[in-house]
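Trainee: I'm new to this one and would like to know what stands behind the labels. Can we go through them together?

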Amino acid sequence: MKPAPFAYESPATLDEVLNLIAEHGDEAKLLAGGQSLIPVMNFRLAQPSMLIDLNGTNGLDHLELTADGSLEIGCMVRQSTLEKSDLIKKHAPLIHMTMPWVAHSQIRNRGTIGGSIVHADPAGELPVLMVALQATFELQKVGHTRQVVAEDFYIDLFETALTDNEILTKIIIPPQSDRTGYAFHEVARRHGDYAMAGVAAVVSVDQSGICTDARLVYLNVGPKPMLAKSAANMLIGQMITMELIEQTAEFAAENEIEPTSDIHASADYRRHLAKVLGKRALTEAVENI
Ligand SMILES: Cc1cc2nc3c(=O)[nH]c(=O)nc-3n(C[C@H](O)[C@H](O)[C@H](O)COP(=O)(O)OP(=O)(O)OC[C@H]3O[C@@H](n4cnc5c(N)ncnc54)[C@H](O)[C@@H]3O)c2cc1C
């Protein structure tokens with residue numbers, strides 16, 4: 001399949017990108033890694049008349065630790081860079097441990113963090129990690145910059161808070177407390193395929209081992225990253241036991257996800273996976289503290 005004809009621009013600066021988006025509106029599409037956009041264009045499910053290529057735009061691929069201990073990640077940082085970066089390994093171990101689950105290495109060499117976040121596939125790992133790590137996204141259009149937390153960015157199936165003429169420019173991941181453990185688990189038919197279900201767990205405790213914070217976020221069991229807030233709250237203020245973990249995972253799977261059936265798995269099977277993987281991820285996160 002070949003895409004419909006389109007015009008192409010490769011702007012060198014962010015200002016040029018913003019002006020081009022303002023000029024062409026929803027006729028334009030941004031090209032990041034192209035790993036989702038190009039197949040969609042080849043199938044003619046998207047037919048932008050203007051493609052704005054971000055690959056030659058300066059200043060969108062920085063990855064650094066800021067003075068307050070946050071990680072700042074430019075939208076064009078490749079998924080393979082996240083996978084291999086020592087900074088990510090040290091300050092966002094959840095991202096480091098999860099990246100090998102995202103597609104295949106060839107796709108991660110081109111795919112970007114920004115493209116994956118904006119594409120908002122409910123089966124995508126990065127959107128789930130962003131919600132689990134309480135990331136903030138910086139969105140820009142001509143003359144205006146705003147920040148949105150990941151939890152509020154995802155609205156519905158492939159629907160985000162990004163409005164017309166906006167671009168996601170950077171991702172800010174706040175520092176996590178020292179006594180925090182992380183885990184990610186998913187089940188896919190073959191390694192590298194989109195998962196039938198998956199979950200990220202983040203658990204923090206104080207010096208006496210009492211849980212101070214917990215996040216449990218599921219993929220592909222609802223229209224967007226599914227944050228199991230009430231379930232995670234069951235852990236806060238408690239000494240975490242195996243029994244409590246089981247109750248938490250069960251509550252989340254029964255009450256805080258919306259799995260549907262498709263050719264890959266039934267809704268019931270996805271709910272079962274959510275229960276088993278939730279328990280596994282919470283157990284491992286606590287062991288990793
Ligand atoms: C065979 C295959 C298997 C895959 N498996 C997985 C998987 O298991 N897990 C997973 O998470 N992903 C998977 N992917 C998707 C892959 O991770 C993509 O790289 C990712 O979803 C999109 O990133 P990209 O940089 O390629 O974005 P692109 O394809 O270039 O863009 C995606 C969309 O985001 C928009 N966009 C891009 N950047 C910005 C920005 N900065 N601001 C605003 N809009 C922007 C584009 O206009 C487009 O609409 C798979 C892809 C393939 C081809």
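Trainee: What is the order of the strands in the open sheet of 5 strands, and how do they pair?

Mentor: Keep in mind that this is a predicted model. The strands of that open sheet come in the order β4-β5-β10-β6-β7, and the pairing is antiparallel. From one strand to the next, the twist averages 20 degrees.

Trainee: Which way do the residues of β2 point?

Mentor: A28 and L30 point one way from β2, K29 and L31 point the other way, and all are buried.

Trainee: Why is β11 called largely enclosed?

Mentor: Strand β11 (residues 180-187) has 8 residues, and 7 of them are buried, so the rest of the structure largely encloses it. β11 is joined to β12 (residues 197-205) by 8 bridges, and the two run antiparallel.

Trainee: Where else does A200 turn up?

Mentor: In the largest nonpolar core, which has 86 residues; A200 and A201 are those with the most contacts inside it. Leaving aside neighbours within four places in sequence, A200 is in contact with L94, V128, L129, A132, F184, V217 and A281. As background, nonpolar side chains in soluble globular proteins tend to be buried together.

Trainee: Which residues come nearest to the ligand?

Mentor: There are 26 residues around the ligand, and G33, Q35, A103, G111 and G115 come nearest. The elements that give two or more residues to this shell are β2 (28-31), α7 (113-119), α8 (125-132) and β10 (167-173). α7 gives the most, with 5 residues. By type, the shell divides into 13 nonpolar, 11 polar and 2 charged residues.

Trainee: Why is I117 called buried?

Mentor: I117 is in helix α7. The cut-off for buried is 20 or more other C-beta atoms within 10 Å, and I117 has 25, so it counts as buried. Beyond neighbours within four places in sequence, I117 is in contact with L126, P127, M130, F137, L168 and I171.

Trainee: And Q47: why is it called partly exposed?

Mentor: Q47 lies in the loop between α2 (37-42) and β3 (50-53). A residue is exposed at 12 or fewer neighbours and buried at 20 or more. Q47 has 13 C-beta neighbours inside 10 Å, so it falls in between and is partly exposed. Q47 and A28 are 19 residues apart in sequence and 9.1 Å apart in space, C-alpha to C-alpha.

Trainee: What makes the phi of Q134 worth a look?

Mentor: Phi of Q134 is near 55 degrees, a positive value in a residue other than glycine. Q134 is in the loop between α8 and β6 (136-141). With 16 other C-beta atoms within 10 Å, Q134 is partly exposed.

Trainee: Where is F158, and what is its phi?

Mentor: F158 is in the loop between β8 (154-156) and β9 (159-160). Its phi is positive, about 50 degrees, although F158 is not a glycine. F158 has 13 C-beta neighbours inside 10 Å, so it counts as partly exposed.

How values were computed. Residues numbered from 1 in each chain as written. Predicted model: local features only at pLDDT ≥ 70, side-chain atom pairs only at ≥ 80, totals over all residues. Core = buried A, V, L, I, M, F, W, Y, C linked by C-beta atoms within 7 Å. Contact = placed C-beta atoms within 7 Å. Pairing = 2+ DSSP bridges. Helix = DSSP H or I, 4+ residues; strand = E, 2+ residues; numbered from the N terminus. Axes fitted to C-alpha atoms, helices over the stretch in contact; angles between N-to-C directions. Near = placed C-beta within 6 Å. Nonpolar A, V, L, I, M, F, W, Y, C, P; charged D, E, K, R; others polar.
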